[in-house]
Amino acid sequence: MSGKVTLHSIVMAGRISALIDISRINLQVHSSDRTAALEEVSRQLEDHPEVTNFDAFYAELLAREELDTTYLGNAIAMPHARTKHVNKIVMAIGRSDQGVSFSDSDEDVKLMFVLGTTKSNPTDYLMCVSSLVKILNKPENLTALMTAKTPEEFSQAITTAEEKLLSPA
């Protein structure tokens, strides 16, 4: 096997579907305040086996958010922390019908992807973010995620979008 890096190998390493656990998808975030909503979504990672110290991870997540907003546009935010308090990349997802007020944005956030990643391996994190952004940039994918009725449907929408991303044109 050659050491050649291809688009396919890059995308495979950054698979979002591999990070999704339906027990860590909250489709009814109740908080409309940014900090309260971040806590509501990130708490889904509290018992994650790859999170070694949730309180410290959460503190770093909030500190990162204070540096600069993680609002991406299109009612999407990607709060994240590079931390020693996770063993590998972890993700929790939150969706809010009423929206969450994030600083520096004119529109409320409806989808939050909370990520924790190790300090030692930013490449996997960057590949995951890249894949996620490619998925979220397609209006049909965003619609599928916003209308999914269950965490299973949400997960399937991500998987389907990822498969389309991977398939040759």
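First, what I mean by a pocket: an open set of grid points where a 1.4 Å probe fits, with protein on both sides within 12 Å along at least five of seven lines. Keep in mind that this is a predicted model.

So, how much space lies in the largest pocket? About 200 Å³. Its lining is made of 16 residues. Closest to the centre of the pocket are Ala18, Leu19, Lys88, Ile89 and Val90. Which elements give two or more residues to the lining? Strand 5, residues 90–100, strand 6, and helix 4, residues 122–136. By class, the lining of this pocket has eight nonpolar residues, four polar ones and four charged ones.

Next, the arginine. Arg95 sits in strand 5. Is Arg95 buried or exposed? The relative accessible area of Arg95 is 7%. The cut-off for buried is under 20%, so Arg95 counts as buried. Now look at who touches Arg95. Leaving out residues up to four places away in sequence, the contacts are Asn26, Leu27, Gln28, Val29, Lys110, Leu111, Leu145, Met146, Thr147 and Ala148. Take Val29 from that list. Arg95 and Val29 are 66 residues apart in sequence, yet their C-alpha atoms are 5.8 Å apart in space.

Now the rings. How many aromatic pairs are there? The count is three. One of them joins Phe54 and Phe57. Their centres are 6.2 Å apart, with 55 degrees between the planes, and the pair is tilted. Where do these two sit? Both are in helix 3, residues 54–67. They are three residues apart there, so about one helical turn separates them. Phe54 and Phe57 are both buried.

Another pair is Phe113 with Phe154. Here the ring centres are 6.4 Å apart and the planes meet at 40 degrees. Why is this pair tilted? Stacked needs planes under 30 degrees apart and edge-to-face needs over 60, so at 40 degrees the pair is tilted. This pair links distant parts of the chain. Phe113 is in strand 6, residues 109–118, and Phe154 is in helix 6, residues 151–166. That puts them 41 residues apart. Phe113 and Phe154 are buried too.

One last item on rings. Phe54, Phe57 and Tyr58 form one aromatic cluster.

That's my tour. Over to you for questions.

Definitions and conventions
Residues numbered from 1 in each chain as written. Predicted model: local features only at pLDDT ≥ 70, side-chain atom pairs only at ≥ 80, totals over all residues. Heavy atoms only, no water. Phe/Tyr/Trp six-rings, centres within 6.5 Å; stacked < 30°, edge-to-face > 60°. Helix = DSSP H or I, 4+ residues; strand = E, 2+ residues; numbered from the N terminus. Buried < 20%, exposed > 50% of the residue type's maximum accessible area, 1.4 Å probe, protein only. 1 Å grid on protein atoms, 1.4 Å probe; cavity = no way out; pocket = protein on both sides within 12 Å on 5 of 7 lines; lining within 4 Å. Points joined across faces, edges and corners; volume = space filled by probe spheres on them. Nonpolar A, V, L, I, M, F, W, Y, C, P; charged D, E, K, R; others polar. Contact = heavy atoms within 4.5 Å.
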